[in-house]
Amino acid sequence: MKIALVGNPNSGKTTLFNSITGSNQYVGNWPGVTVEKKSGKLKTDHSVEIIDLPGIYSLSPYSSEEIITRDYIVEEKPDVVINIIDGTNFERNLYLTSQLSELGVPMVLAINFHDAMIKDRISIDEEKLSKILSYPMIKISALNGENIDKLMDIAISLKGTENKRIHTFNDDIENLIEEISKFIDKEEKLKRYYSIKLIEHDDKIRPKLNLSSEDYKNIEDLISKIEKKYDDDSAALIADSRYNQIEQLVKGSLVYSNNGKSTFSEKIDKFIMNRFLALPIFFIIMFLVYYVSISTVGTRATDFVNDGLFADGFFLFGRGREAYDDASEEFTRADEVVGTFEEYFEKNSLSEANKNNLKLDVNHRDDKGEIEEVKSYSYEDYEKMKEVSEPDPKDYGTFIEGIPIVLSRFLEKINVSEVLRDLVINGIVAGVGAVLGFLPQMFVLFLFLAFLEACGYMARISFIMDKIFRKFGLSGKSFIPMLIGTGCSVPGILASRTIENEKDKRMTIITTSFIPCGAKLPVIALISGAVFGESSWVAISSYILGVLAVVVSGLILKNTRRFKGKVAPYIMELPNYHLPKLTRVIKSAIDRSKAFVVKAATIIMLATILVWAGTSFGFENGSFGEVAMENSILAQFGKVIAFIFKPLGWGHWQGAVATITGLIAKENIVSTFGVVFGGFDEVAENGWQVWENVRNIFTPLAAYSFLIFNLLCIPCFAAVGAIRREMNDLRWTLFAVLYETTFAYLVAFSFYRLGLFFTMGRFDALTVIAIAVVLITALFIAFGGRERKVLKKVEA
Ligand SMILES: Nc1nc2c(ncn2[C@@H]2O[C@H](COP(=O)(O)OP(=O)(O)OP(=O)(O)O)[C@@H](O)[C@H]2O)c(=O)[nH]1
Ligand SMILES: [Mg+2]
């Protein structure tokens with residue numbers, strides 16, 4: 001038995017679906033979240049299949065995901081339809097109900113958002129309404145689970161029953177429907193539906209009907225008669241009639257609303273969507289989100305994972321840390337004293353008497369190796385200091401050793417060969433650990449994003465952005481795919497389906513992956529930590545860079561023949577704000593983090609092993625075997641291709657190899673660095689080994705150029721696959737990939753070259769090229785489009 005969930009966008013279908021099937025589909029508080037048909041088994045009865053569909057406002061679809069829904073209901077005929085109605089938007093939702101009733105599928109009306117209706121004081125007399133509409137009806141709350149079992153019982157019991165349509169048009173139109181039905185060769189039940197679609201001039205229906213052009217002409221004649229009589233467009237006549245009936249129904253005092261007082265959402269919007277405040281508020285919110293997740297809370301947690309869990313170890317709950325640190329400090333100082341004295345003894349031989357008079361100045365250094373204090377010590381002091389032993393963390397609290405230490409000891413104990421030990425510790429733990437280290441930061445970020453999505457703010461942002469995007473040839477609708485893309489580009493690219501206009505959609509697919517996805521976050525954090533002292537500006541500027549890349553690409557592409565034309569108008573309803581349940585937000589963040597961990601344990605682990613093998617083995621003196629990293633196969637390969645990146649400032653094999661492994665998954669850049677720049681078990685004097693080595697090889701300019709290229713160049717293979725799927729055309733896919741990579745290269749190149757010029761005054765042929773690139777782009781944007789317009793005028 002098949003039960004389909006059908007309803008307006010954002011009415012809670014997927015929420016219900018997840019709750020009754022136990023699945024985990026994406027839920028968000030804006031219209032157009034679900035873009036694919038998803039099916040699952042009812043938890044309580046596995047013989048019942050539930051189908052979640054993209055939301056639709058009517059049976060006249062505009063975009064590809066709406067067609068999926070219509071085709072499913074009309075052609076695959078579920079046994080029962082559950083029509084989910086947003087109870088806080090009752091009137092508008094009934095329009096679809098009116099159309100669904102013509103399909104001859106048994107149906108139950110589930111009035112969702114009951115909890116919100118109570119808050120908004122909207123009450124519906126469902127018994128009365130149900131009698132008039134002749135459909136069973138029940139109030140539910142998909143979010144809280146209210147009445148869901150009852151709803152499913154009703155739905156299951158409806159299988160095989162008859163249903164009645166709820167709308168009758170006036171006699172003229174009814175006659176017209178009757179006449180047109182005669183042309184249609186379909187099962188009796190659907191004749192009416194197809195006739196109405198023909199009256200509405202729904203062209204997408206035509207391929208489904210075997211009508212001759214003569215038939216069409218006759219039908220058209222019949223329709224124009226009516227259009228003349230009423231002096232109105234036929235589609236409008238149909239829609240008006242439905243709306244009138246619905247209005248009567250609602251007016252018949254079946255629905256009591258709060259009499260037009262402004263609702264909670266409207267009140268908030270007066271502030272948040274204010275013409276002047278909207279953008280600043282948006283930027284402040286985004287800044288706070290990234291600041292908190294990357295710089296404060298997130299960093300603490302990430303430091304713990306990197307410096308504790310994946311390094312020497314940590315104190316349980318931090319207890320004992322301070323005392324241990326003091327003892328360590330004391331030991332270090334003593335060590336410095338002993339060292340200085342012993343060095344002195346080596347160089348000079350001393351008599352007993354001289355020893356007692358000896359006084360030496362000792363340099364005490366800080367973490368960074370700089371001299372902090374110079375103090376003088378006597379021989380007696382030296383004797384005392386010799387007795388100070390290195391503190392054992394275990395004496396100061398519950399010390400839990402880091403994974404590399406424990407694992408290393410374990411592997412040694414079970415006599416694992418050295419090569420294998422190296423693989424585990426310096427390959428897998430270093431690489432996968434490098435990626436997992438960023439999990440806390442990502443988790444905090446996911447928490448915030450999940451909250452913003454669920455409360456309804458994300459949908460508003462796309463409206464706020466519409467005003468800006470329009471100027472650059474994109475619609476605000478492109479913003480939702482980009483927002484989803486901050487988690488992962490794959491669903492982001494799929495979300496571009498909701499864009500009806502083909503050009504706008506292609507443009508969105510090409511530009512969505514410019515916005516840093518979750519997988520790029522560790523890369524950003526690594527560069528920020530290693531080179532820029534963990535400044536949160538690196539992360540924030542990465543997102544700004546992403547948005548700028550989108551905007552500039554919009555401007556460039558709009559000037560090309562294929563993308564010319566006006567952006568389609570943006571129509572999207574604003575969802576009501578609601579305070580999301582904390583548990584849901586946490587669950588959503590956990591789900592996304594889980595995907596991240598799974599990826600780390602599979603693809604990234606595999607890639608890391610390959611990178612480790614590639615950097616451990618190679619040819620030396622004509623024979624193959626374990627070699628120094630510099631001579632390994634991967635290093636050799638990297639050196640061959642590194643020249644490509646030389647103009648960008650990082651023409652060394654490590655950067656080149658990391659970029660290539662990043663195509664499998666962007667986190668691989670971090671895991672690759674973890675392997676090629678030394679693992680986690682080595683904590684260098686100033687921070688962590690990998691960071692120090694990255695700092696040694698990348699100048700700040702080169703590091704940022706590396707970041708630019710890797711953020712903007714083609715996304716991972718999975719995302720390229722998604723591009724291929726949504727473009728549905730190989731040439732367009734190639735174009736997207738080529739465009740993104742060229743764009744990334746030119747931006748990184750110009751940045752690096754101009755950066756060198758401005759910081760160090762370096763000016764050479766490459767600087768000239770960089771200036772030329774920037775100028776040509778600017779000129780193309782400014783005049784590229786206009787020229788052709790002028791030409792057209794002349795032709796005309
Ligand atoms: N307060 C409240 N919120 C709900 C209820 N049901 C769903 N929501 C919220 O409404 C929003 C939309 O839910 P979805 O399940 O994604 O809606 P959908 O119908 O699948 O939307 P599309 O996939 O865009 O068609 C989410 O933020 C849900 O948490 C409910 O009964 N009460
Ligand atoms: Mg959905």
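Me: Between which strand and which helix is the loop that holds Phe113?

Reply: This is a predicted model, in which local features need pLDDT of at least 70, side-chain atom pairs count only at pLDDT 80 or more, and totals for chains, interfaces and linings use all residues. Residues are numbered from 1 along each chain as its sequence is written, and chains are lettered from A and ligands numbered from 1 in the order in which they are written. Helices (H or I, at least four residues) and strands (E, at least two) are DSSP runs, numbered from the N terminus. The loop that holds Phe113 lies between strand S5 (107–112) and helix H4 (114–119).

Me: Is Phe113 buried or exposed?

Reply: A residue is buried if 20 or more other C-beta atoms, placed from the backbone, lie within 10 Å of its own, exposed if 12 or fewer, and partly exposed in between. Phe113 has 27 C-beta neighbours inside 10 Å, so the residue counts as buried.

Me: What is the phi of Lys77, and where is this residue placed?

Reply: Most residues other than glycine have a negative phi. Lys77 is not a glycine, yet its phi is positive, at about 45°. Its place is in the loop between helix H2 (64–76) and strand S4 (80–86).

Me: Why does Lys77 count as partly exposed?

Reply: The class "partly exposed" falls between the cut-offs for buried and exposed. Lys77 counts as partly exposed because its C-beta neighbours inside 10 Å number 16.

Me: Which residues does Ile527 touch, not counting residues up to four places away in sequence?

Reply: Two residues are in contact if their C-beta atoms, placed from the backbone, lie within 7 Å. With residues up to four places away in sequence left out, Ile527 touches Phe532, Val538, Ala703 and Leu707.

Me: How far apart are the centres of domain 2 and domain 3?

Reply: The domain assignment gives domain 2 as 171–256 and domain 3 as 326–401. Taken over C-alpha atoms, their centres are separated by 95 Å.

Technical notes:
Domains from an automatic or database assignment.
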